Amino acid sequence: MSDSNKKRNYYDILCINKTATQTEIKNAYKKLAIILHPDKGGTKEAFQELTEAYNTLMDIQQRQVYDEHISNPFNNVFNKTHRHASSSKVKCKDVSYCINIPLKNAFEDCHYMIRRRMTKVCENCMSFCNACAGYGIFMCGRRMTNTKCPFCFGKGVVKNTYICNKCDNGFKIEIKEFSVDIKKDEIYNYVKIYDGLGEQPIKANEYAGDFIVKVNMILPHNCEIENGVLVYKPVVNIKKLLCGCEIDVPVDLNIETNKVKIEPLFCDPKNVLIIKNSGLFGKNGHRYNINIQPTIDYHIDDKNTIDINKLKDVLNCF
Ligand SMILES: [Zn+2]
Ligand SMILES: [Zn+2]
């Protein structure tokens with residue numbers, strides 16, 4: 001009863017003793033492969049077990065490590081119930097994707113198609129490594145330190161004997177298409193999370209990361225966004241600011257033009273002209289403000305006397 005619960009070691013599986021030579025291992029494998037092959041009436045699991053035993057014992061280095069493990073009764077790493085550093089699941093990496101949207105397109109609903117290539121383990125060709133139960137590591141030694149599994153080289157999976165022709169050496173690429181509709185009131189701060197479509201798991205204790213789609217707004221020169229408010233800092237000559245002028249704002253305002261009138265004497269560097277509810281769309285029909293904060297160009301040339309006359313007019317009225 002207790003014997004049947006115990007996992008058979010690779011020597012038991014191949015029906016050989018521990019001193020078997022490479023030739024004996026090979027012969028034992030050939031004999032059993034005929035019986036255990038799924039096409040010959042065996043099960044997939046039994047055949048995989050046999051192949052794994054054969055591959056491990058035929059590799060002199062791997063066999064050495066394996067022999068050490070099974071000879072140490074305190075080091076029960078080849079039992080599937082062995083202890084791991086942590087039995088809790090580990091999330092694979094999230095994958096981020098940025099949709100670049102120029103500011104001028106940020107005032108209407110938009111639609112994007114995203115194609116993502118996902119690499120997945122081919123289940124026909126790869127199996128969890130029996131030695132580490134698919135974890136890639138196990139605890140060994142008196143201090144129970146984490147050791148990289150020498151059988152799967154820490155990968156957690158091993159290749160089966162037969163590799164299918166539908167994958168690339170045990171891994172397959174899956175193309176996923178995402179149809180992303182973004183309403184104009186979502187563009188600012190847009191984030192959409194597709195659960196489980198990020199990096200795909202390989203080891204037994206891993207689960208898929210998420211695929212995260214975000215919007216990156218491409219802003220014109222002299223523009224930035226602060227808490228939804230579009231802050232535009234055009235360079236304006238001091239004469240214009242003294243006399244009053246019109247400046248172009250790089251977005252279509254919700255008025256007829258994209259020009260904004262600057263009143264005369266608007267020349268304190270701390271001055272901010274606020275255009276209410278004309279900026280980015282927020283939730284529930286709300287629109288953010290646009291703040292215009294001219295950067296003053298103090299350069300004065302004498303060629304243009306018209307401005308000087310206008311300036312005299314402006315100053316006379318005080
Ligand atoms: Zn392993
Ligand atoms: Zn495959």
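Axes are lines fitted to C-alpha atoms, for helices over the stretch in contact, and angles between N-to-C directions run from 0 to 180 degrees. The legends below describe a predicted model.

**View 1. Overall composition of the predicted protein.** Seven helices and 19 strands make up the secondary structure of the protein. Of its 318 residues, 20% are buried. Among contacts with a separation of 6 or more, 62% are accounted for by residues 24 or more positions apart.

**View 2. The contact of helix H3 with helix H4.** Helix H3 spans residues 22-36 and helix H4 spans residues 44-58; their axes come within 10 Å and cross at roughly 170°. Angles over 145 degrees count as roughly antiparallel, and H3 and H4 are therefore roughly antiparallel to each other. From H3, the residues Gln22, Ile25, Tyr29, Leu32, Ala33 and Leu36 take part, meeting Ala46, Phe47, Leu50, Tyr54, Leu57 and Met58 of H4. By class, the residues of this contact comprise 11 nonpolar, one polar and no charged.

**View 3. The open sheet of three strands.** The strand order is E2-E11-E9, and the pairing is mixed. Strand E2 (95-102) and strand E9 (191-194) are the edge strands, each pairing on one side only. From one strand to the next, the twist averages 25°.

**View 4. Pairing of strands E2 and E11.** Strands of a sheet pair through backbone hydrogen bonds, either parallel or antiparallel. Here, E2 and strand E11 (residues 211-218) run parallel and are joined by eight bridges. In one of these pairings, valine 95 has phenylalanine 211 of E11 as its bridge partner.

Methods:
Residues are numbered from 1 along each chain as its sequence is written. Chains are lettered from A and ligands numbered from 1 in the order in which they are written. This is a predicted model: local features need pLDDT of at least 70, side-chain atom pairs count only at pLDDT 80 or more; totals for chains, interfaces and linings use all residues. Two strands pair if DSSP finds at least two bridges between them. Helices (H or I, at least four residues) and strands (E, at least two) are DSSP runs, numbered from the N terminus. A residue is buried if 20 or more other C-beta atoms lie within 10 Å of its own, exposed if 12 or fewer, and partly exposed in between; C-beta atoms are placed from the backbone. Two residues are in contact if their C-beta atoms, placed from the backbone, lie within 7 Å. Angles under 35 degrees count as roughly parallel, over 145 as roughly antiparallel, 65 to 115 as roughly perpendicular and the rest as oblique. Ala, Val, Leu, Ile, Met, Phe, Trp, Tyr, Cys and Pro count as nonpolar, Asp, Glu, Lys and Arg as charged, and the others, Gly among them, as polar.
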